[in-house]
Amino acid sequence: MRADVEAAKADIEQSIELLKRRLDWDLALRKLDELNARVEDPTLWNNPDEAQAVSRERARLGGQIDAVKGLASDLADALGYAEMAEEEGDEASLEEARAQLKALRERSGRAELEALLSGEADGNDAFVEINSGAGGTESNDWAGILLRMYTRWAQAHGMTVDFLEETTGEQAGIKSVTLQVKGPNAYGWLKTEAGVHRLVRISPFDSAAKRHTSFASVWVYPVVDDTIEIEINPADVRTDTYRASGAGGQHVNKTDSAVRLTHIPTGIAVACQNQRSQHQNRDQAWKMLKARLYELELEKREAAQQALEDQKTDIGWGHQIRSYVLQPYQMVKDLRTEVETSDTQGVLDGDLDAFMGAALAQRVGATRDQVEA
């Protein structure tokens with residue numbers, strides 16, 4: 001078998017073995033059998049909350065096991081195809097087998113990263129807030145570019161994006177927007193994007209064609225379900241209603257039913273205006289507030305463990321996590337992980353996996369070498 005095919009085979013087999021070790025393969029198989037047996041027990045459904053928790057755990061573990069089995073099966077098929085093509089001297093088929101192995105390499109790499117998503121809420125959907133910084137039109141436009149970038153990333157990974165609140169800029173872009181990203185491990189991936197993002201470019205709004213620096217902040221918190229208990233004293237929450245703002249169109253409904261909730265003890269404020277009734281917007285805003293307070297609690301736990309103490313200082317305004325330089329050269333660089341690329345257009349079109357993967361591995365303190373050691 002040719003050297004490049006052998007190299008791909010070895011790399012994918014290494015990933016499969018690593019995934020099995022992270023899962024504790026034999027234990028995972030036994031646990032899945034136990035979960036399947038519990039789901040089939042009709043008495044489980046006497047307690048709906050417990051039944052839902054067991055079902056979610058079975059789906060999560062079953063998905064991880066199926067991913068490993070799928071990689072092994074597809075690898076065997078691709079290698080068989082490559083071997084047959086080589087024996088017959090069919091270069092076109094051999095090239096197709098190489099393409100299959102390349103796709104498997106990418107799948108296995110993503111599976112390795114997803115195996116790191118073991119946090120309490122990593123599998124949940126995510127709320128994403130984008131706010132423009134100082135600088136008026138420049139920063140508003142940059143916030144709009146980030147909105148497009150994250151929307152394209154989500155769509156490329158089969159996720160859906162709902163607009164909950166949007167305030168447009170006077171001339172271009174947005175002042176702020178709140179999204180709900182729905183899909184497997186949405187929060188686990190997107191949480192690595194929280195922080196300040198810096199853009200350097202020749203301004204399209206400056207007739208003198210001078211270089212400008214713009215900032216926008218991204219905040220990410222998980223959508224929490226009813227199994228996570230977050231107690232909120234209604235007396236601690238101020239409710240304001242207002243007319244929905246923005247230019248209208250597909251994302252914003254022009255109604256008088258927008259709702260903003262402010263949690264007085266923490267100063268956390270959330271808003272929702274995408275529904276037509278005040279009741280629906282209020283219900284969604286309470287879910288968002290619950291999620292924000294849950295994320296605050298997660299941050300407190302992490303701070304107590306000193307796991308993210310250094311990173312938290314970088315998330316303050318003016319301490320960017322990533323720079324996007326379009327002039328005088330082309331470079332996107334993550335200042336936490338040192339990952340960089342000159343493919344700036346690809347990144348702005350949503351190609352963020354390399355940055356998210358490196359930040360995720362750094363955040364959990366795990367790399368391939370550490371796991372294999």
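Student: How many bridges join β10 to β11, residues 340-341?
Tutor: Two bridges join them, and the strands run antiparallel. Keep in mind that this is a predicted model.

Student: Which residues of β10 are on its covered face?
Tutor: Val332 and Asp334 are on the covered face, while Met331 and Lys333 are on the uncovered one.

Student: New topic. Which residues touch the most other members in the largest nonpolar core?
Tutor: Ile130, Leu146, Leu190 and Tyr324, out of 57 residues in that core. Helix α5, residues 137-156, gives the largest share, with eight residues.

Student: What is leucine 146 in contact with?
Tutor: Leaving aside neighbours within four places in sequence, leucine 146 contacts Ile130, His197, Ala216, Val218 and Tyr324. There is also a second, separate core of 28 residues, including Ala8 and Leu61.

Student: How many aromatic pairs are there?
Tutor: The count comes to two. One of them is phenylalanine 127 with tyrosine 221, a tilted pair with 5.3 Å centre to centre and 40 degrees between the planes. Phenylalanine 127 is in strand β1 and tyrosine 221 in strand β5, 94 residues apart.

Student: Is phenylalanine 127 buried or exposed?
Tutor: Phenylalanine 127 is buried, because its relative accessible area is 1%, under the 20% cut-off. Tyrosine 221 is also buried, at 1%.

Student: Why is the pair of tryptophan 142 and tyrosine 324 edge-to-face?
Tutor: Because the planes of their rings are at 65 degrees, and over 60 counts as edge-to-face. The ring centres are 4.9 Å apart. Tryptophan 142 lies in helix α5 and tyrosine 324 in strand β9, 182 residues apart.

Student: Last one. What lies over the face of tryptophan 25?
Tutor: Lysine 20, at 5.2 Å from the ring centre. Elsewhere, the charged end of arginine 260 sits over the ring of tyrosine 242, 4.5 Å from its centre.

Definitions and conventions
Residues are numbered from 1 along each chain as its sequence is written. This is a predicted model: local features need pLDDT of at least 70, side-chain atom pairs count only at pLDDT 80 or more; totals for chains, interfaces and linings use all residues. Side-chain values use heavy atoms; hydrogens and water are left out. Buried means under 20% relative accessible area, exposed over 50%, partly exposed in between (1.4 Å probe, protein chains only). Helices (H or I, at least four residues) and strands (E, at least two) are DSSP runs, numbered from the N terminus. Two strands pair if DSSP finds at least two bridges between them. A nonpolar core is a set of buried Ala, Val, Leu, Ile, Met, Phe, Trp, Tyr and Cys residues joined through side-chain atoms within 4.5 Å. Contact means heavy atoms within 4.5 Å. Rings of Phe, Tyr and Trp (its six-membered ring) pair if their centres lie within 6.5 Å; planes under 30 degrees apart count as stacked, over 60 as edge-to-face and the rest as tilted. A charge sits over a ring if NZ of Lys or CZ of Arg is within 6 Å of the ring centre and within 35 degrees of the ring normal.
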